[in-house]
Amino acid sequence: MKKRIILTPYIVWCIVFIIVPMVLVLFFGLTDESGKFTTRNLCEVFLYPDVFLRSLWLGFKATAICLVVGYLSALIISRLNVKLQKILIILVMLPMWMNFLLKIYSLMFILQDNGFINGILSSFGFSKFNMMNTEGAVILGMVYNFLTYMILPIHSSLVEIDEKLLDAAKDLGANYFMTFVKVIFPLSIPGIVSGIAMVFIPSVSTFILSKMLGGRQNFLVGDIIDMHFLGGIYDPHIGSAISLVLMILLLICTGIINQLQNENKSKKGALVI
Amino acid sequence: MLNEMISLQGVSVFFDSCKVLDNFSLIIKNSEFITLLGPSGCGKTTILKIIGGFLIPDKGRVFFQNKDITHTPPYKRNVNTIFQNYALFPHMNVYENVAFGMRVRKKTEREIAIKVKKMLKMVSLEDFETRDLMSLSGGQQQRVTIARALAVDPKVLLLDEPLAALDLKLRKDMQIQLKTIQHETNITFVFVTHDQEEALSMSDRIVVLDRGKIQQIGSPIKVYNEPENAFVADFMGESNILDGVILDDFLVTFAGRKFRCLDKGFKKKEKVDIVIRPEDVKVVKPEDSDLKGVITSVVFKGVHYEMIIDVDSFKWMVQTTKFIEVGSKIGIKLFADDIHTMRKSKYSGEYGDYSTFSDEMYEAYEHNTNLKKS
């Protein structure tokens with residue numbers, strides 16, 4: 001009985017902030033203005049196949065870059081002494097404490113035609129080159145905002161590896177590269193899997209970032225949903241339907257990521273969602 | 001065949017200006033079972049790390065079959081280590097763990113399969129190939145590490161207190177199994193332990209260490225029966241250590257009496273330490289001996305009784321199979337071959353009688369008697 005009482009706040013929270021909104025999304029997505037059941041909204045979603053594909057594609061690219069950069073950073077950090085590691089991890093986390101919009105504005109300042117980089121280039125006599133409103137700018141924004149979520153889980157799975165295992169590998173004839181391939185990397189897969197999930201999902205569903213850095217031609221699903229609720233075309237029914245489809249897509253992606261984890265048969269897997 | 005497998009020459013190691021090993025030299029012979037024995041902090045694990053290549057000594061050289069390997073990384077040495085906490089790869093099953101070294105060496109699957117089977121058979125773990133490590137007991141895991149190390153055909157196997165985490169019965173079985181494996185494979189075993197009984201029952205040679213220095217090297221029988229100094233005598237088992245003076249060859253005086261002994265070659269009047277093992281002391285009726293005393297405590301140990309006998313306020317430890325009550329007056333008798341004389345060393349006086357068993361309790365005891373006095 002006591003357990004239930006302790007659980008009450010959590011259950012109430014779940015109902016109010018998770019279950020009810022989900023039901024509402026489902027309801028709006030499958031009804032028209034008069035409240036009648038319809039599949040028209042879902043059909044509308046298929047007007048935006050390019051946006052969905054772009055979201056997944058950009059999310060995939062950003063995740064791939066985060067994985068490479070994040071893994072290397074985490075690996076280097078994990079080889080340092082404990083004191084230095086702590087400082088570097090705080091530095092990695094520091095951007096998380098800053099406002100999301102502020103970070104995008106500063107990125108815009110850096111990338112603009114009259115911005116920081118072009119300013120430096122022109123002072124050396126180079127011609128300006130356009131970086132704003134490109135796919136690259138959007139990916140950079142994603143990487144910049146979500147890299148932390150890749151580094152942290154990988155780092156913690158790397159430092160968890162027993163130093164003795166590395167000694168044992170060396171002892172059995174493996175050089176550093178072999179030790180990495182056969183011991184360090186496989187044992188860090190749980191961290192990689194949570195890192196991928198934590199970067200890919202927010203990247204795919206992000207908005208604003210894409211609108212501000214990518215311009216019209218780089219709209220993502222998030223921006224389209226935003227438009228249907230707060231933007232020019234007000235239609236919560238279609239907006240909900242798009243959200244619904246996005247959720248299902250992400251659910252499938254999470255399933256695939258989790259499958260990778262299971263194949264690795266790791267005992268102490270980090271939980272994904 | 002070369003008789004000299006590994007040779008450490010003048011090796012010194014400092015940790016934060018603290019000397020762990022000081023000008024240490026040791027020759028390990030081919031195919032021998034050598035044990036490094038000593039209390040924690042004596043430098044035995046450090047020596048193992050140097051041979052394994054995990055630590056480069058600050059001074060001195062290491063030779064492997066006459067080749068200088070002081071700076072050779074561990075993965076290029078034909079030496080393998082059995083780690084104390086197993087260090088098995090948790091993401092691999094038993095088969096893959098044993099196959100690890102061969103996979104690194106790019107052996108064919110066929111070769112690997114044959115070798116893994118052979119190794120697992122050697123450690124009595126057939127049919128465990130696909131088992132998950134989590135489902136194995138401590139002893140089984142330890143045997144997997146042995147199979148894994150032997151699978152790469154090392155010339156030397158280093159064992160860092162491999163049995164410390166196992167319970168007594170299992171430890172004894174593993175001692176026998178390790179010894180058998182060593183016989184079958186003819187590999188040089190360098191075994192590290194702080195358990196003197198383990199060292200005595202397994203080794204061809206024992207190296208007794210303290211504070212980074214060799215106290216004695218010899219066969220188990222030699223080290224036990226003829227310790228070179230008070231430290232070795234004390235560490236190799238219970239021992240009564242008394243101050244004595246040599247009168248002549250085969251004649252020594254201690255505890256206020258003269259005794260015949262088997263030792264010669266000392267100077268006349270030379271001060272020595274006398275060591276007498278508790279099992280060698282014979283308890284007799286008080287009228288049959290000059291050395292009379294009172295039993296102050298009796299502890300039943302299973303095979304024997306361990307009693308403390310106060311003779312002229314020196315506390316002797318004696319082991320007998322016959323029970324005698326506390327408070328009884330008895331005599332003790334010693335024969336020439338019970339008495340072993342040792343030259344005085346810096347350890348003389350550190351190990352006294354059996355007022356207490358450990359230094360820690362001795363200090364507490366001293367402290368208490370001082371309090372009572374004041």
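**Exercise 1. Find the residue that follows helix 2 of chain B and give its phi.**

Start at the end of helix 2, which covers residues 94-104. Helices here are DSSP runs of H or I with at least four residues, strands are E runs of at least two, and both are numbered from the N terminus. After helix 2 comes Lys106(B), with a positive phi near 60°. Bear in mind that this is a predicted model, where local features need pLDDT of at least 70, side-chain atom pairs count only at pLDDT 80 or more, and totals for chains, interfaces and linings use all residues. Residues are numbered from 1 along each chain as its sequence is written, while chains are lettered from A and ligands numbered from 1 in the order in which they are written.

**Exercise 2. Work out which residues of helix 2 of chain B are buried and what covers them.**

Step one is the cut-off: buried takes 20 or more other C-beta atoms within 10 Å of a residue's own, exposed 12 or fewer, and partly exposed lies in between, with C-beta atoms placed from the backbone. Step two, pick out the buried residues: Val94(B), Asn97(B), Val98(B), Ala99(B), Phe100(B), Gly101(B) and Met102(B). Step three, look at the cover, which includes helix 3 (109-122) and helix 4 (138-150) of chain B.

**Exercise 3. Describe how strand 3 of chain B sits between its partners.**

First, check burial: five of the five residues of strand 3 (33-37) are buried. Phe33(B), Thr35(B) and Leu37(B) point one way, and Ile34(B) and Leu36(B) the other.

Next, go to the pairing, which takes at least two DSSP bridges between two strands. Strand 3 of chain B runs parallel to strand 8 (188-193) of chain B, joined by five bridges, and Leu36(B) is opposite Val192(B) there. Strand 9 (205-210) of chain B also pairs with strand 3 in the parallel sense, over four bridges; here Leu37(B) faces Val208(B).

Note on methods:
Contact = placed C-beta atoms within 7 Å.
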